[in-house]
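Subject: Handover of a structure and its findings

Dear colleague,

Please find the structure below, followed by a short account of what was found in it. I would be grateful if you could read the account with the structure open beside it.

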Amino acid sequence: DVQHRFQPEIAAIGVCRDLLGADVVANVDPRRLRRRGLFSFKENDVSTGVAAELGETYVEHQLVLKLTSEEAQGLNLAPSESFEPIGWFERGSVPFKEMPEDDEVWYDSVVFD
């Protein structure tokens, strides 16, 4: 269905499944995802991998899924082709130096508020 293909929540469930595993996400209702940010980017250096993959300008949706304690019990994120987990962090302890530079500007208010 074309309408569902372009809904960020539907795409995000696929990402959650890839990151958390099908067992954890099997019962996650996409309506539990919360839209927390919509960013529009313009890559100044069009030779970068991001520009080559996404284009010179692109939009990024930021959604948050809060897991219940039962869902998070024993959760162990594994590395994948597109994701390298570096741990769980509380507000004030996120390692921004290991992340894209713009993350420090918006990350805390999107994830923790």
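The chain contains six helices and two strands; these are DSSP runs, numbered from the N terminus, with helices (H or I) of at least four residues and strands (E) of at least two. Read from the N terminus, the order of the elements is α-α-α-β-α-β-α-α.

The model is predicted, so local features need pLDDT of at least 70 and side-chain atom pairs count only at pLDDT 80 or more, whereas totals for chains, interfaces and linings use all residues. Residues are numbered from 1 along each chain as its sequence is written, and side-chain values use heavy atoms, with hydrogens and water left out.

The chain as a whole has an accessible surface of about 8500 Å², and carbon and sulfur atoms contribute 51% of that surface. Such areas come from the Shrake-Rupley method with a 1.4 Å probe, and for residues only the protein chains shown count as cover. Of the 113 residues in the chain, 25% are buried (buried means under 20% relative accessible area, exposed over 50%, and partly exposed in between, with a 1.4 Å probe and protein chains only). Among the contacts in the chain with a separation of 6 or more, 44% join residues 24 or more positions apart; a contact means heavy atoms within 4.5 Å.

Leu 20 counts as buried because its relative accessibility is 19%. From Leu 20 to Asn 76 the C-alpha to C-alpha distance is 7.8 Å, although 56 residues separate the two in sequence.

How many aromatic pairs does a search of the whole structure find? The search finds five. Rings of Phe, Tyr and Trp (its six-membered ring) pair if their centres lie within 6.5 Å; planes under 30 degrees apart count as stacked, over 60 as edge-to-face and the rest as tilted. Phe 39 and Phe 41 make a tilted pair, because their planes stand at 50°, with ring centres 6.2 Å apart. Phe 41 is buried, at 18% relative accessibility.

Phe 96 and Tyr 107 form an edge-to-face pair, with 6.0 Å between centres and 80° between planes. Phe 96 lies in the loop between helix H5 (69-72) and helix H6 (103-111), and Tyr 107 in helix H6, so the pair ties together parts eleven residues apart in sequence. Phe 96 is buried at 16% relative accessibility, while Tyr 107 is partly exposed at 23%. Finally, one aromatic cluster is formed by Phe 39, Phe 41, Tyr 58, Phe 96, Trp 106 and Tyr 107.

Yours sincerely
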